[in-house]
Amino acid sequence: MMATGRSGRWGVLVLSLVVIAAAWLQPLDRLGTAAGEQAFQRALAAFAVARTLNGIISLAQGTELAVQPAGVGISFSAGEVLDPVNDLVERFSWLMLASSAVLGLQLLLAGIMASPGVTAVATVLLLIGNGLLWADRAAALRRALFSTAVVLVTLRFLFPMMALAQQSVHQLYLTDSYSRALGELEVTSSHIRELAEKPTPERNESGDPEHGSWWKRLNSSYDAMADALNVDARLQQLQAAAEALTERIIQLIVAFLLETMVIPLGILWAGVAITRTAVREAWDGWAPPRPQDPD
């Protein structure tokens, strides 16, 4: 049988003591909590930027840029340029809210599983199971105790390991892109606000220009053309800002999907696989031998 030999019993005992020490001394919990809080703060910062950007775009969409070249009134709405990116910003803000909620729930579950009650139950199960293993008694009870202990220990260390994996991936692959994308998102937001709130120059000429001097009429026409060109330049700048927003938002979406979905699901799958394997080994390894059929 797998663990009923002397060396196997020593191995189970040493592993159990290491797990108990790690559970009570909490070195992984401290590292995991720090990493989880950093990820949570990153999600909150991105959510705040997303909500601010959403408000700026909503304000800018109601802005109209009006000119009167050659005496003909023409108006342009900034919303025509920003409307395509507005839906993306709304979805981005909801994704950041969901990411913040997932990371906050992860911290809460990590705290619950690191509580003294859960740790004490796992410790008692491991100690009693090892005692029964060395005494070579109550095989069925021993299997149940070890199986339950494996599940509790896996859950006990699952969330700190998840947070550490998220932090490691972020530091190795996402730090520069995240910081750059978030910073440029804030700059672009300020730029959009300035372009939308910048007043269009108005020419308030005294009197009717048709009855004014030829110099006044020529100067008024020149000013109207300059205003039209200025409005066109602002619209082009808004279009460029909207394109930059789309690129940066997609970069942040990819980063947070990786941190809050791909990595947790991968760690969860690994935890389930380890638990199933350990439980299967416990039941198969410590099962009483089947009686052999007489020849």
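A residue counts as buried when its relative accessible area is under 20%, as exposed when that area is over 50%, and as partly exposed in between. By that scale W10 is partly exposed, because its relative accessible area is 43%. Welcome to this structure, which is a predicted model. A search of the whole of it finds four salt bridges, and the structure also holds two aromatic pairs. Here is a short tour of these contacts.

**Salt bridges between helices**

- D29 and R156 form a salt bridge, and their closest N and O atoms are 2.7 Å apart.
- Because D29 belongs to helix α2 (residues 27–61) and R156 to helix α5 (residues 139–197), this pair ties together parts that lie 127 residues apart in sequence.
- Both D29 and R156 are buried.
- Another salt bridge joins R42 to E259, with 2.9 Å between the closest N and O atoms.
- This pair also links distant parts of the chain, as R42 sits in helix α2 and E259 in helix α6 (residues 214–285), 217 residues apart.
- R42 is buried, and E259 is buried too.

**A salt-bridge network**

- E184, E247 and R248 are linked in a network of salt bridges.
- Within it, the side chains of R248 and E247 meet at 3.5 Å, N to O.
- R248 is buried, with a relative accessible area of 15%, whereas E247 counts as partly exposed at 43% relative accessibility.

**Aromatic pairs**

- A pair of aromatic rings is described by how far apart the centres are and by the angle of the planes.
- The rings of W10 and W134 have centres 5.1 Å apart and planes at 80°, so this pair is edge-to-face.
- W10 lies in helix α1 (residues 6–25) and W134 in helix α4 (residues 116–135), so the pair ties together parts that are 124 residues apart in sequence.
- Like W10, which is partly exposed, W134 counts as partly exposed, with 29% relative accessibility.
- Y178 and F256 form an edge-to-face aromatic pair, with 5.9 Å from centre to centre and 70° between the planes.
- Y178 is in helix α5 and F256 in helix α6, so to speak of this pair is to speak of a link between distant parts of the chain, 78 residues apart.
- Y178 and F256 are both buried.

**A charge over a ring**

- R156, the salt-bridge partner of D29, has its charged end over the ring of F157, 5.1 Å from the ring's centre.

Key:
Residues are numbered from 1 along each chain as its sequence is written. Side-chain values use heavy atoms; hydrogens and water are left out. Helices (H or I, at least four residues) and strands (E, at least two) are DSSP runs, numbered from the N terminus. Buried means under 20% relative accessible area, exposed over 50%, partly exposed in between (1.4 Å probe, protein chains only). Rings of Phe, Tyr and Trp (its six-membered ring) pair if their centres lie within 6.5 Å; planes under 30 degrees apart count as stacked, over 60 as edge-to-face and the rest as tilted. A charge sits over a ring if NZ of Lys or CZ of Arg is within 6 Å of the ring centre and within 35 degrees of the ring normal.
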